Amino acid sequence: MTLATSRSATAVGIVAAGLPETNLDQVLAVADLQNRTDRKYLLNHQQFSVLARALLRHDHRVLEVDGLRTFNYESVYFDTPSLALYRAHQQGRRKRWKARTRTYLDSGMCMFEVKTQGARGSTVKDRLPYELAHRGGLTTAAHEFLSETLERQYGVETPVLVPTVTTRYRRTTFVDLIEGSRVTCDVRLEFSSAGRQVAGPDRVLVETKSHAQSPIDRTLSHLGVRPLSMSKYCLGTALLHPTLPANRWHRLLTHEFGHQRAV
């Protein structure tokens, strides 16, 4: 797939261009959702066309910043040298977590983020403003922030971490200002590590973020599309390290990403 031949990216762009805009202040006021329920779906462009009609029907708006409605993201994920965090997700452990820097490439803004599991499977995200030049590693401030977060959430100490996977993608965000929910649509997904790079399929990775089931979740359920248990970090790690166990995502990796586990 090339940038010019992504049908899914084109479909998302058409919808974004046709909706009224909202700004970041409005989004943060009604749908900040740092403690939320996330549901993820992988849609082909035909399925996304059905979703697009639901976005129009439920009066969603599209996030616009400085005239842009689609944004370039980069995330650098950290794990132990033995990939213990990946293995905790693969095994479905309750006290699993992720640590990453996230860079909004169009603006140059960068954050350090820690994602943990809250009550009833909700996602809790704690964030710290970060220097762009340091996004590929962990500063002393990031270590301290991570240690405080893990102690508060899980009562555990912070292991030694190293950068393991970098993801890049383009994101468009739709917001329901009445319901206070968000829908993010990611396309042109790429994973890289130590000079290796793999690309995702021509699909739209849709993620709903809400306090309860949103109208978009209900639309996808009626369409027969079920939420997936997945994360960009885990998918990227499995694709870049084909000898690792990845039973939890075997069907998704095999059918959508062409993954073949090395033996």
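The model is a predicted one, and the protein in it contains eight helices and 11 strands. Its radius of gyration is 18 Å, close to the 18 Å that the globule rule gives for 263 residues, so the protein is as compact as a globular protein of that length.

**Overall build**

- Along its principal axes, the C-alpha trace of the protein spans about 45 × 45 × 35 Å.
- Of the 263 residues in the protein, 49% are buried.

**The nonpolar cores**

- The largest nonpolar core has 29 residues, and those with the most contacts inside it are Tyr 86, Phe 191, Tyr 233, Leu 235, Trp 249, Leu 253 and Phe 257.
- Two or more residues of this core are given by each of the strands β4 (71-79), β8 (162-176) and β9 (181-193), and likewise by each of the helices α7 (232-240) and α8 (250-257).
- Helix α7 provides the largest share of this core, namely six residues.
- Tyr 86, which is among the residues with the most contacts inside the largest core, is in contact with Asp 79, Tyr 233, Cys 234, Thr 237, Ala 238, Leu 244, Pro 245, Ala 246 and Trp 249, once its neighbours within four places in sequence are left aside.

**Helix α7 and Leu 239**

- Nine of the nine residues of α7 are buried, so this helix is largely enclosed by the rest of the structure.
- The buried residues of α7 are Lys 232, Tyr 233, Cys 234, Leu 235, Gly 236, Thr 237, Ala 238, Leu 239 and Leu 240.
- Leu 239, which is found in helix α7, has a relative accessible area of 11% and is therefore buried, since buried means under 20%.
- Leaving aside neighbours within four places in sequence, Leu 239 is in contact with Phe 191, Arg 196, Val 198, Leu 253, Phe 257 and His 259, and of these Phe 191, Leu 253 and Phe 257 are named among the residues with the most contacts inside the largest core.
- The C-alpha atoms of Leu 239 and Gly 137 are separated by 22 Å, and the two residues are 102 residues apart along the chain.

**The pair of helices α1 and α3**

- The axes of helix α1 (residues 7-18) and helix α3 (residues 45-57) come within 10 Å and cross at roughly 10°, and the two helices are therefore roughly parallel to each other.
- On the α1 side the contact is made by Arg 7, Ser 8, Ala 11, Val 12 and Val 15, while on the α3 side it is made by His 45, Phe 48, Ala 52 and Leu 55.
- Sorted by class, the contact of α1 with α3 has six nonpolar, two polar and one charged residues.

- Thr 164 lies in strand β8 and, at 12% relative accessibility, counts as buried.
- Apart from its neighbours within four places in sequence, Thr 164 is in contact with Tyr 77, Phe 78, Asp 79, Leu 83, Ser 192, Ser 193 and Tyr 233.
- Arg 188 is found in strand β9 and is partly exposed, with a relative accessible area of 22%.
- The phi angle of Arg 188 is near 55°, a positive value in a residue other than glycine.

**Residues in loops**

- Leu 83 lies in the loop between β4 and α4 (84-90) and is buried, with a relative accessible area of 9%.
- The phi angle of Leu 83 is near 60°, which is again a positive value in a residue other than glycine.
- Leu 105 has its place in the loop between β5 (97-104) and β6 (109-117), and at 33% relative accessibility Leu 105 counts as partly exposed.
- Not counting residues up to four places away in sequence, Leu 105 touches Asn 72, Tyr 73, Glu 74 and Arg 168.
- The C-alpha atoms of Leu 105 and Gln 26 are separated by 21 Å, and these residues are 79 residues apart along the chain.

Methods:
Residues numbered from 1 in each chain as written. Predicted model: local features only at pLDDT ≥ 70, side-chain atom pairs only at ≥ 80, totals over all residues. Heavy atoms only, no water. Axes fitted to C-alpha atoms, helices over the stretch in contact; angles between N-to-C directions. Helix = DSSP H or I, 4+ residues; strand = E, 2+ residues; numbered from the N terminus. Parallel < 35°, antiparallel > 145°, perpendicular 65-115°, else oblique. Contact = heavy atoms within 4.5 Å. Nonpolar A, V, L, I, M, F, W, Y, C, P; charged D, E, K, R; others polar. Core = buried A, V, L, I, M, F, W, Y, C linked by side-chain atoms within 4.5 Å. Buried < 20%, exposed > 50% of the residue type's maximum accessible area, 1.4 Å probe, protein only. Rg over C-alpha atoms; globule rule 2.2 N^0.38 Å.
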